[in-house]
Amino acid sequence: MVDYVQTGNQRPGFIPVGDLRISAPIVLVIDECLDEPHLQHLQSSLHAFVDSLPPTTRIGIVLYGRTVSVYDFSEDSVASADVLPGDKSPTQDSLKLLIYGTGIYLSAIHASLPVIHTIFSSLRPYKLNLPEASRDRCLGTAVEVALRIIQGPSAEISRGIVKRSGGNSRIIVCAGGPNTYGPGSVPHSLSHPNYPHMEKSALKWMEHLGQEAHRQNTVVDILCAGTCPVRVPILQPLAKASGGALVLHDDFGEAFGVNLQRASTRAAGSHGLFEIRCSDDILITQVVGPGEEAHTDAHETFKNDTSLSIQMLSVEETQSFALSMETKGDIKSDYVFFQFAIQYSNVYQADISRVITVRLPTVDSVSAYLGSVQDDVAAVLIAKRTLLQAKNYSDAIDMRATIDERVKDITVKFGSQLPKSKLYRFPKELAVLPEHLFHLRRGPLLGSIVGHEDERSVLRNLFLNASFDLSLRMIAPRCLMHREGGTFEELPAYDLAMQSDAAVVLDHGTDVFIWLGAELAADEGKSAAALAACRTLAEELTESRFPAPRILAFKEGSSQARYFVSRLIPAHKDPPYEQEARFPQLRTLTADERVKLKSSFLHFDDPSFCEWMRGLKLVPPEAS
């Protein structure tokens, strides 16, 4: 891997800044239709958010309801805003009055922190007696106005030279309900006679607005919270087309506040172009990730270049591309070559060209080929291809059947038939793969353990763009048991880990669960120490993750414990030899402890991993 770094002053307005990062502006677009409890949480999160920002960060504040309020930082000690109508896109005249007027709508934190706190403290709860879903919210108009504020002319001018920011500008929408007023909106009621047509128009308009934001190097993140459905399908195109993320939260509290901070600080380059070249024998058939096919005539190319070019919607460490390939014919050479070139501008205003060249040997035996396959990577690739087709819940059910067929195909092709039997054993070289796929088909991405289709849709979109590490965790949870002395032991993610005298942490990517056994919970001192250690571990595991996961803690037998139990593979009904093959820690339990463990699972009746494999007429790789 080689990085070519170019810096220069060929751009108008460029100021060489060495190692100084010029932060791009952030505009907060805030829903003003919130009830008192939600508003109090939001105000706390916003106060903490601006206190956490670097002093040079430029910030803007826009409120939206039936109108759009753009806050003016030129007043020192009072919350003052210019108000625009929300029922239609802002006119050129009204924008000119706003942008060329005397108001300051983007200001550095160090210059305006007191007035920013005054603005947040001045927010008031929704006054009319209307249900949350029926309130007028002109989210689309508000984002349009925010884009124009970022476009400028800049309110902050240093010695007559406008500083060009590094990386992407950001609009962070704090939404408590759907977009129901003005452009890109849908009616309050789903039973509106014209709803399907209006939804179609809204989707198109929102996607167009997201594309416009991307052209202006602005990422739109939409952070939703509360219990009111936000109509995810309408908002998703805006976030997606701009290179941003849409995240759902239970409330505007801790997790929402953390995501506000991470959305604003995650390093994001701009102007990304991703090029893929490979040996003549290899054909790229599919690319999954945050990008779209680029029109290569706009870029320099080699003569007779057969590369595939992708315009990256954003350039972030938290994202990845998954490539599917096929061979065009038999490969005669000893090696196959791949080259990936990524060009982008980083947050320090340098142009980076990163070139990654990979040479892979070819093999002529099936066992050598299988030995080279990485189970974790194969599971993520299969999952991304599968989730791409699971656009709604009925698709997800179909995709579970597709996974079953794929597991059978792999076993028949690469496994071995048992003597005097019609059963096939799954290949031992890929021992972990079927377990990962079992987690996938019953977990939140394809299973039925999340309550609302909006939640599954958001998880699916996050997963399709997520980095390898986060993708793997979203498929297969990681299970860690707390031990004496504050250490943790990693265990298979089976329900057999739920032992009454233990505390367990389960990291499932977008959620982290802490489960306290009943015996441990009865000892106040021990349970407090174990819970504190588990919380610290959960925060360490997820400190750089975006979106920040929910961290939930509960005791054995509580109603919330079902969140935890539903994500573990049920193995309590399997014969003892199969349990021990998958969960060697059981060998240390006494007969009494085994009986007690078994009695705690009497109300679970999901099929186990072994039962699922047997249902497919297959034998798991490790089982006797």
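1. Start with a charged spot on the surface. Glu 254, Glu 539, Glu 540 and Glu 543 form a patch of negative charge there. Patch residues have over 30% relative accessible area and no salt bridge, and like charges are joined within 9 Å. A salt bridge is a side-chain nitrogen of Lys or Arg within 4 Å of a carboxyl oxygen of Asp or Glu. Asp and Glu count as negative, and the charge of Glu is placed at CD.

2. This is a predicted model: local features need pLDDT of at least 70, side-chain atom pairs need 80 or more, and totals for chains, interfaces and linings use all residues. Numbering runs from 1 along each chain as its sequence is written, and side-chain values use heavy atoms, without hydrogens and water.

3. Look at Glu 543. The residue sits in the loop between α15 (524-541) and β24 (550-555). Helices (H or I, at least four residues) and strands (E, at least two) are DSSP runs, numbered from the N terminus. Glu 543 is exposed because its relative accessible area is 58%, and exposed means over 50%, buried under 20%, partly exposed in between (1.4 Å probe, protein chains only).

4. Now take Tyr 195, in helix α5 (residues 195-215). Tyr 195 is buried, at 7% relative accessible area. Leaving out residues up to four places away in sequence, Tyr 195 touches Val 186, Pro 187, Ser 189, Leu 190 and Arg 231. A contact means heavy atoms within 4.5 Å.

5. Helix α11 (residues 433-442) is mostly covered, with ten of its ten residues buried. Among them are Glu 435, Phe 438 and Arg 442.

6. Finally, the whole chain. There are 19 helices and 25 strands. Of its 624 residues, 51% count as buried.

Notes:
Patch = residues over 30% accessible without salt bridge, like charges linked within 9 Å, V, L, I, M, F, W, Y side chains within 5 Å. Areas by Shrake-Rupley, 256 points an atom, 1.4 Å probe, with all protein chains shown as cover.
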